[in-house]
Amino acid sequence: MVVSATEIGHGVVIGAGTMGHGIAQVLAQAGIGVTLCDRDDAIVRAAVARIRDNLAGGMARGKVTQADMEAALARIEVATDIAGAAALADVIIEAVPEVLALKKQALTAASSAAPDHALIASNTSSLSVADLADGVAGPQRVVGMHFFNPVHIMKLCEVVTHARIDDATVDTARALAERLGKTPITVADAPGFASSRLGVVLGLEAMRMVEAKVATAADIDTAMRLGYGHPMGPLELSDLIGLDVRLDIAEFLATSLGERFAPPRLLREKVAAGKLGKKTGEGFYRWDGKKPIR
């Protein structure tokens, strides 16, 4: 049986990118020691620098104290050896790119070295958790824990079940999400789960509207912010997530659920041109630092 959420003392996050560094941050802020793993030492060092910047931003807004920042950073260590890090883990959260083979490789390597009590979670936003559990040592302890970007701010965590999961695994995942300051929802292992399926539909239709010159990206986003109360428009959100990530998810959902998820031509063109959103400085917007230029 997996460990209870209150007994989790050390976590391992595999993948130090946009989502991985954020997950590591919230674990550390919750008092959990964390090892952040990636294939290259420079990548994980850069991720720790991003965490430091996030915490400094929290201090500037009065949300984080100097002592909180120092304590959180002291709980974070880095590694490039997944198996070595996993041997001491109470929870492992995979956050590598949204490619089934890469995620399975990471989860298989980690689970084979992890203690039997360790919770094994994937941050996948659309892939089948049952498929990810295949080949994992102890598939009953594998769960989806889909966090949202930026992890240290967004409050939702989708807990994704599958046919072979234990009830105790679901309970621990939900309780861990709450310990991290998130609100968990439990969803079935269906393509796109709840949030990605709905969010992708909105984002793709907004892209088609830009493509058809119905309105500009800024005006479409303004419509959703002011007309529907969304905190961020679907195109700005797509830029923040990464247009390459949006494309991968859309292609997977189109295969699974039908042509209504087919990626628009404009999305394919932007990805082919390397205009991936905030991380490259341009997508549907040009980005200057943390804000889009409208």
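This briefing covers a pocket, ring interactions, backbone features and selected residues of one structure. The model is predicted, so local features need pLDDT of at least 70 and side-chain atom pairs count only at pLDDT 80 or more, while totals for chains, interfaces and linings use all residues. Residues are numbered from 1 along each chain as its sequence is written, and side-chain values use heavy atoms, with hydrogens and water left out.

**Second largest pocket**

- The second largest pocket holds about 320 Å³ of space. A pocket here is an open set of points on a 1 Å grid over the protein atoms alone, where a 1.4 Å probe fits, with protein on both sides within 12 Å along at least five of seven lines. Grid points are joined across faces, edges and corners, and the volume is the space filled by probe spheres set on the points.
- Its lining has 16 residues, and Val26, Gln29, His152, Ile153 and Lys155 lie nearest the centre. Lining residues have an atom within 4 Å of a point.
- Helix H1 (18-29) and helix H2 (41-60) are the elements that give two or more residues to this lining. H1 contributes the most, with three residues. Helices (H or I, at least four residues) and strands (E, at least two) are DSSP runs, numbered from the N terminus.
- By residue class, the lining divides into five nonpolar, six polar and five charged residues. Ala, Val, Leu, Ile, Met, Phe, Trp, Tyr, Cys and Pro count as nonpolar, Asp, Glu, Lys and Arg as charged, and the others, Gly among them, as polar.

**Aromatic rings**

- A search of the whole structure gives zero aromatic pairs. Rings of Phe, Tyr and Trp (its six-membered ring) pair if their centres lie within 6.5 Å.
- Lys270 lies over the face of Phe284, 5.1 Å from the ring centre. The criterion for a charge over a ring is NZ of Lys or CZ of Arg within 6 Å of the ring centre and within 35 degrees of the ring normal.

**Backbone features in loops**

- Asn149 and Pro150 are joined by a cis peptide bond, with omega about 0°. Pro150 is placed in the loop between strand E6 (142-146) and strand E7 (156-160).
- Phe193 is a residue other than glycine with a positive phi, near 55°. Phe193 sits in the loop between strand E8 (183-187) and helix H8 (195-211), and is buried at 6% relative accessibility. Buried means under 20% relative accessible area, exposed over 50%, and partly exposed in between (1.4 Å probe, protein chains only).
- Lys213, also not a glycine, has a positive phi near 60°. Lys213 lies in the loop between H8 and helix H9 (217-228) and counts as exposed because its relative accessible area is 74%.
- Ala188 is found in the loop between E8 and H8. Leaving out residues up to four places away in sequence, Ala188 touches Val160, Thr161 and Phe193; contact means heavy atoms within 4.5 Å. Ala188 and Glu7 are 181 residues apart in sequence, with a C-alpha to C-alpha distance of 26 Å.

**Residues in strands**

- Val91 lies in strand E4 (residues 91-94) and is buried, with a relative accessible area of 0%. Not counting residues up to four places away in sequence, Val91 touches Ile8, His10, Gly11, Val12, Leu119 and Leu176. Val91 and Gln29 are 62 residues apart in sequence and 15 Å apart in space, C-alpha to C-alpha.
- Val143 is in strand E6 and is buried at 0% relative accessibility. Its contacts, leaving aside neighbours within four places in sequence, include Leu119, Ile120, Val129, Val160, Ile165 and Ala173. The C-alpha atoms of Val143 and His162 are 7.6 Å apart, and the two residues are 19 residues apart along the chain.

**A residue in helix H6**

- Asp131 is part of helix H6 (residues 129-133). At 36% relative accessibility, Asp131 is partly exposed.
- With residues up to four places away in sequence not counted, Asp131 touches Leu100 and Lys104. Asp131 and Ala56 are 75 residues apart in sequence and 39 Å apart in space, C-alpha to C-alpha.

Methods. Rings of Phe, Tyr and Trp (its six-membered ring) pair if their centres lie within 6.5 Å; planes under 30 degrees apart count as stacked, over 60 as edge-to-face and the rest as tilted.
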